[in-house]
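Work through the following exercises with the sequence and the model side by side. Each task is followed by a solution that goes step by step.

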Amino acid sequence: DVVASPRALEIAIRRRAGARIRLIAHWAGPRTAFLAPLFDDDDRRALRALIRGAVAHTPAAERTAGLLPTPALPMRALDQLAAQPDIASIAALCTIWRHPFAAALGAEASRQHPDLFLIECALDRAFARRAVAAARERLGRREGALAEGPGEALPDPEIVHGEDVGATEPE
């Protein structure tokens, strides 16, 4: 009888899930683009968790708990990102790897005191743009099929997080 620790079990499950995701991506061949929004959603979730972990100084081994590897962020990439001490280092690695969400992290991550809310809004907007672009590419540009611009439903962080939020309230 082999008794595995909860951490070892979690790693084994993540590796198995990663292998299945790679297999799906491989067999999808040229249709892999249809899966891009699915992979992007997992990447967005992973980056949010890794950034929160860096800010909270969570040990690297715990930052990857529950994260699924994707073609753009395989297990080794997730582990490397988890080992980064701050948001700027995570953003730098994403830029070096040319990850699609690197630009969304860049501006805010370079600040001395990055704002997690603004980073998460930027990631959400980047995901929405990519998902809408993928849908338009797959479905074609039918009139009225999709909203004109990506992310209309997403809040503007300057309005929600701005200095004079209360200024618009009625007196």
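**Exercise 1. Find which residues of H2 meet which residues of H7, and describe how the two helices pack.**

Solution. Contact here means heavy atoms within 4.5 Å. Sorted by class, this contact of H2 with H7 has eleven nonpolar, no polar and nine charged residues, where Ala, Val, Leu, Ile, Met, Phe, Trp, Tyr, Cys and Pro count as nonpolar, Asp, Glu, Lys and Arg as charged, and the others, Gly among them, as polar.

For the geometry, take H2 as residues 32-55 and H7 as residues 116-139; the two pack at an angle of about 175°, with their axes 9 Å apart. That angle makes H2 roughly antiparallel to H7, since angles under 35 degrees count as roughly parallel, over 145 as roughly antiparallel, 65 to 115 as roughly perpendicular and the rest as oblique. Axes are lines fitted to C-alpha atoms, for helices over the stretch in contact, and angles run from 0 to 180 degrees between N-to-C directions.

Before going on, note that this is a predicted model, in which local features need pLDDT of at least 70 and side-chain atom pairs count only at pLDDT 80 or more, while totals for chains, interfaces and linings use all residues. Residues are numbered from 1 along each chain as its sequence is written, and side-chain values use heavy atoms, with hydrogens and water left out.

**Exercise 2. Describe the packing of H1 with H2.**

Solution. Begin with the angle: H1 (residues 6-28) and H2 pack at about 150°, with their axes 9 Å apart, and that makes H1 roughly antiparallel to H2. Next, list the partners, which are Ile21, Ile24, Ala25 and Ala28 in H1, meeting Thr32, Leu35 and Phe39 in H2. By class, the contact of H1 with H2 has six nonpolar, one polar and no charged residues.

**Exercise 3. Which residues touch the most other members of the largest nonpolar core?**

Solution. A nonpolar core is a set of buried Ala, Val, Leu, Ile, Met, Phe, Trp, Tyr and Cys residues joined through side-chain atoms within 4.5 Å, and buried means under 20% relative accessible area, exposed over 50%, partly exposed in between (1.4 Å probe, protein chains only). The largest core has 25 residues, and Leu47, Leu81, Ile90, Leu105 and Leu123 touch the most other members. At least two residues of this core come from each of H2, H4 (75-82), H5 (87-96), H6 (102-109) and H7. A second, separate core of five residues includes Ile21, Ala25, Ala28 and Leu35.

Now follow Ile90, which, not counting residues up to four places away in sequence, touches Leu47, Leu50, Ile51, Ala54, Leu81, Gln84 and Leu105. Ile90 is one of the buried residues of H5, together with Ile87, Ser89, Ala91, Leu93 and Cys94, and what covers them includes H2, H4, H6 and H7.

**Exercise 4. Is Leu67 buried or exposed, and which residues does Leu67 contact?**

Solution. First locate Leu67 in the loop between H3 (60-63) and H4. Leu67 counts as buried because its relative accessibility is 1%. Leaving aside neighbours within four places in sequence, its contacts are Arg14, Arg45, Ala46, Ala49, Leu50 and Leu78. For Leu78, the separation from Leu67 is eleven residues in sequence and 8.1 Å in space, C-alpha to C-alpha.

**Exercise 5. How many helices and strands does the protein chain have?**

Solution. The count comes to eight helices and zero strands, where helices (H or I, at least four residues) and strands (E, at least two) are DSSP runs, numbered from the N terminus. Of the 171 residues of the protein chain, 35% count as buried.
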